[in-house]
Amino acid sequence: MKKPLSIQTLAVSAGSHGDSQHGGRATPIFTSSAYDYEKEVRYPRYFNTPNQSAVVAKMAALEHAEDGLVFSTGMAAIMTSLFAVLKTGDHVVLQNDLYGGTHHATLNEFARYGIQHTLVDGSYPENFEKAITKNTRVLYIETPSNPLLKITDIGAVAKIAKKYRLITMIDNTFASPVNQNPIDLGIDVVLHSGTKYIGGHSDLMCGFALSSKKIISQIKGSAMHFGGVLDASTCYLVERSLKTMVLRVQQQNANAMTLAKFLQSEKGIDRVYYPGLSDHPNYRVAKKQMTGGFGGMMSFDVKKDPEGFMKRLTLIHKAVSLGGVESTICSSVRTSHAKLTPAERAKAGISDNLLRFSVGIEGVDDLISDIRKALKS
Ligand SMILES: *Cc1c(COP(=O)(O)O)cnc(C)c1O
């Protein structure tokens with residue numbers, strides 16, 4: 001059997017087709033919205049232009065998927081995929097600590113279309129099985145989760161879904177394809193907010209759905225109606241970003257592991273949430289399924305004055321979003337979970353002093369000094 005290519009090689013070479021006219025190495029940017037229809041009816045909203053195909057081929061190779069679609073945002077990928085397989089009367093089981101946008105969409109949009117849902121604690125796979133009804137169509141997970149980095153056992157959920165012939169979807173944004181490949185564990189549809197680690201430079205938005213040819217053709221049918229496509233110039237930037245994604249994410253993995261251990265040893269810090277720490281409640285599951293590393297996302301409770309602490313940081317910037325080359329930090333209470341009541345936040349385990357940290361690719365010693373200084377004063 002031929003040895004499969006490494007992820008480093010695929011990130012560079014898969015999908016990119018170069019410039020056959022002039023012999024250039026980079027995929028040219030094809031901006032046409034009008035194409036000759038003799039061979040194939042091409043149109044940007046049909047998800048079949050050269051830059052869309054090139055970036056999808058690369059991502060599909062990295063996620064071990066047969067096929068995929070590139071969208072204008074992560075939410076476009078998530079909602080289009082869900083609405084493509086669900087109809088009125090169907091039921092979805094989702095884990096309860098979802099990305100805020102997905103959580104609000106399930107509460108607000110699904111109800112209006114008569115789609116029912118149940119939210120369960122994803123730390124225990126049996127919760128998904130208990131929530132299944134005769135109308136259930138989809139099991140939806142997100143691991144590691146935001147902001148407490150909880151871990152869902154991907155293989156265990158996929159196994160339950162197979163028993164009941166359900167479709168599984170995962171939001172793989174936090175792990176990136178470098179650290180976790182859910183299709184190998186039996187998941188049907190892998191979703192990404194490419195705005196984060198895939199773009200990697202905090203300067204573009206995109207989303208991906210990756211799956212079998214059969215499911216992608218079903219999602220594409222709806223996607224052409226919803227219209228959340230990505231333009232050629234941004235596809236080009238995403239393709240360019242993907243070539244260095246492995247290097248970026250590996251540095252973020254290494255920095256995050258060092259920082260998590262450092263923060264654990266600091267007196268000014270109460271608790272550190274990082275799946276790579278051996279005292280994380282689901283460390284063994286994380287180690288089994290996150291084959292590339294534990295990622296660049298973590299959160300921690302500062303003992304006092306979270307706002308003052310963030311203000312005193314000089315290298316780590318206060319910002320929402322995540323996954324960029326630069327380290328950013330934000331208060332969950334002030335951002336993603338601002339709309340929850342204090343009681344709801346307490347129930348979710350999110351304290352007022354919780355800070356979510358997206359670790360960048362800077363020198364880790366500089367980041368440690370920055371945090372030390374900010375804790376001291
Ligand atoms: C950002 C994010 C999304 C939404 O992606 P957009 O590109 O902002 O639409 C979905 N899931 C997770 C985990 C995210 O971090």
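Me: What makes Cys 235 count as buried or exposed?
Reply: In this predicted model, Cys 235 has a relative accessible area of 0%. Buried means under 20%, so Cys 235 is buried.

Me: Why is Cys 235 said to be in no disulfide?
Reply: The nearest cysteine sulfur, that of Cys 206, is 8.1 Å away. A disulfide requires two cysteine sulfur atoms within 2.5 Å, and therefore Cys 235 is in none.

Me: What is the relative accessible area of Cys 206, and how is this residue classed?
Reply: The value for Cys 206 is 0%. Since the limit for buried is under 20%, Cys 206 is classed as buried.

Me: How many disulfides does a search of the whole structure find?
Reply: The search finds 0 disulfides.

Me: How many residues of the chain are buried, as a percentage?
Reply: Buried residues account for 53% of the 377 residues in the chain.

Me: What radius of gyration does the chain have, and what would a compact globule have?
Reply: For 377 residues, a compact globule would have a radius of gyration near 21 Å. The chain has 21 Å, so the value agrees with that of a compact globule.

Me: What share of the contacts with a separation of 6 or more joins residues 24 or more positions apart?
Reply: Such residues account for 74% of those contacts in the chain; a contact means heavy atoms within 4.5 Å.

Me: How many helices and strands are there?
Reply: The chain has 14 helices and 12 strands.

Notes: Residues numbered from 1 in each chain as written. Predicted model: local features only at pLDDT ≥ 70, side-chain atom pairs only at ≥ 80, totals over all residues. Heavy atoms only, no water. Helix = DSSP H or I, 4+ residues; strand = E, 2+ residues; numbered from the N terminus. Rg over C-alpha atoms; globule rule 2.2 N^0.38 Å. Buried < 20%, exposed > 50% of the residue type's maximum accessible area, 1.4 Å probe, protein only.
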